[in-house]
Amino acid sequence: MAAPVAVDQEIDLTIDSLAYGGNGVARANGFVVFVRRGLPGDRVRARVTKVKRNHAEALAVEVLEAGAPRVDAPCKHYPECGGCRFQDLAYEAQAEWKERQVADALRRIGGLAEPPLEPILPAVERFHYRNKLEYSFTATPQGPALGFHRAGRWDEVLEVERCWLTTDLGNAIRDTVRDWAREERLEPYDQEAQSGYLRHLVVREGRNTRQVLVQLVTAPGERFERERLVEVLRAFPQVRSIHWAVND
């Protein structure tokens, strides 16, 4: 049977559940459609982005009727940034759907009719909990900047002013490296054109030791003074390890 939807077509859908990975699950005349930014209970208008033999993928462009327990997302970059999902879904609902996903996987894949699950334990910290982040460099009118890929895009990086996954220290280190890159007039790497120099910045925080590792990833060639980068990062006594990696 041919798929009842086509790429770039806009359709109205009701989101029934959440799939593993975060997309909403809906059906168009019985045909499964995975909807990015679709939350259970919502009726949305979605634009089809991909059609396969057994399912389609779509992006919710408008909420026609809200059914999910929504909250205000604290991050100004949400939902354009691809680093997070569900900031606008109440945490209790997030935990409930994740618990359902585990039970469903044990039934379907594990073959357990009644999996012996205990209630899910809620997170103590709902934000600022990540101990490692990898940022990508991007070009802006002000010079090099750091951020994450836009949601659903591999070729476009969104500059981040404050990330809610990391700590204030992590945010400050990222901004300091950004300022250093502008001072050095270094060119960000362009993934599509395969040109440029600065590729990634990795910041890893040891939550027990309170020590930080910083790694700069560039294209081949030494176009900066290592001593200057070390000097800049010495502003943070928590930084105990600085690495330079080359990705060719």
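## Cavity

Let's start with terms: on a 1 Å grid over the protein atoms alone, a cavity is a set of points where a 1.4 Å probe fits but cannot get out, while a pocket is an open set with protein on both sides within 12 Å along at least five of seven lines; lining residues have an atom within 4 Å of a point. Grid points are joined across faces, edges and corners, and a volume is the space filled by probe spheres set on those points. This is a predicted model, where local features need pLDDT of at least 70 and side-chain atom pairs count only at pLDDT 80 or more, though totals for chains, interfaces and linings use all residues. Residues are numbered from 1 along each chain as its sequence is written, and side-chain values use heavy atoms, with hydrogens and water left out.

The structure has one cavity of 30 Å³ or more. The largest cavity holds about 110 Å³ of space, and of its 13 lining residues, Cys75, Cys81, Cys84, Gln87 and Cys163 sit closest to the centre. By class, that lining splits into nine nonpolar, three polar and one charged residue (Ala, Val, Leu, Ile, Met, Phe, Trp, Tyr, Cys and Pro count as nonpolar, Asp, Glu, Lys and Arg as charged, and the others, Gly among them, as polar).

## Cysteines

What about disulfides, taken as pairs of cysteine sulfur atoms within 2.5 Å? There are zero in the structure. Cys75 is in no disulfide, and its nearest cysteine sulfur, on Cys81, is 6.4 Å away. Cys84 is in none either, with the sulfur of Cys163 the nearest at 6.1 Å.

On accessibility, Cys75 is buried at 12% relative accessibility, whereas Cys84 is partly exposed at 21%. The cut-offs, with a 1.4 Å probe and protein chains only, are under 20% relative accessible area for buried, over 50% for exposed, and in between for partly exposed.

## Pockets

The largest pocket contains about 620 Å³ of space. It is lined by 28 residues, with Arg85, Phe86, Gln94, Lys98 and Tyr129 nearest its centre. Helix α1 (residues 91-108) is the top contributor to this lining, giving five residues; helices (H or I, at least four residues) and strands (E, at least two) are DSSP runs, numbered from the N terminus. The class tally for the largest pocket is 15 nonpolar, seven polar and six charged.

The second largest pocket comes in at about 320 Å³. Its lining has 17 residues, and those nearest the centre are Phe137, Val157, Tyr189, Asp190 and Gln191. β7 (132-140) and β10 (198-205) each supply at least two lining residues, and β7 gives the largest share, four residues. Here the classes are seven nonpolar, five polar and five charged.

## Salt bridges

How many salt bridges does the structure hold? There are 19, each being a side-chain nitrogen of Lys or Arg within 4 Å of a carboxyl oxygen of Asp or Glu. One of them joins Asp16 to Arg27, with the closest N and O atoms 3.8 Å apart. Asp16 is in the loop between β1 (10-14) and β2 (17-18) and Arg27 is in strand β3 (residues 24-28), so this pair ties together parts 11 residues apart in sequence. Both partners are partly exposed, Asp16 at 42% and Arg27 at 46%.

Another bridge pairs Glu161 with Lys76 at 3.2 Å between the closest N and O atoms. Glu161 lies in the loop between β9 (157-159) and α2 (168-184), and Lys76 in the loop between β6 (55-65) and α1, so the pair ties together parts 85 residues apart in sequence. Lys76 is exposed, at 59% relative accessible area. Arg182 and Glu159 also meet in a salt bridge, 3.7 Å from N to O, linking helix α2 and strand β9 across 23 residues. Finally, Arg150, Arg153, Asp155 and Glu156 form a salt-bridge network.

## Sheet

An open sheet of six strands runs in the order β1-β5-β6-β4-β3-β2, with mixed pairing; two strands pair if DSSP finds at least two bridges between them. β1 and β2 stand at the edges with a single partner strand each, so one side of each has no neighbour in the sheet. β1 pairs with strand β5 (residues 43-51) in the antiparallel sense over five bridges. Within that pairing, Leu13 has Val44 in β5 as its bridge partner.

How values were computed
A disulfide is a pair of cysteine sulfur atoms within 2.5 Å.
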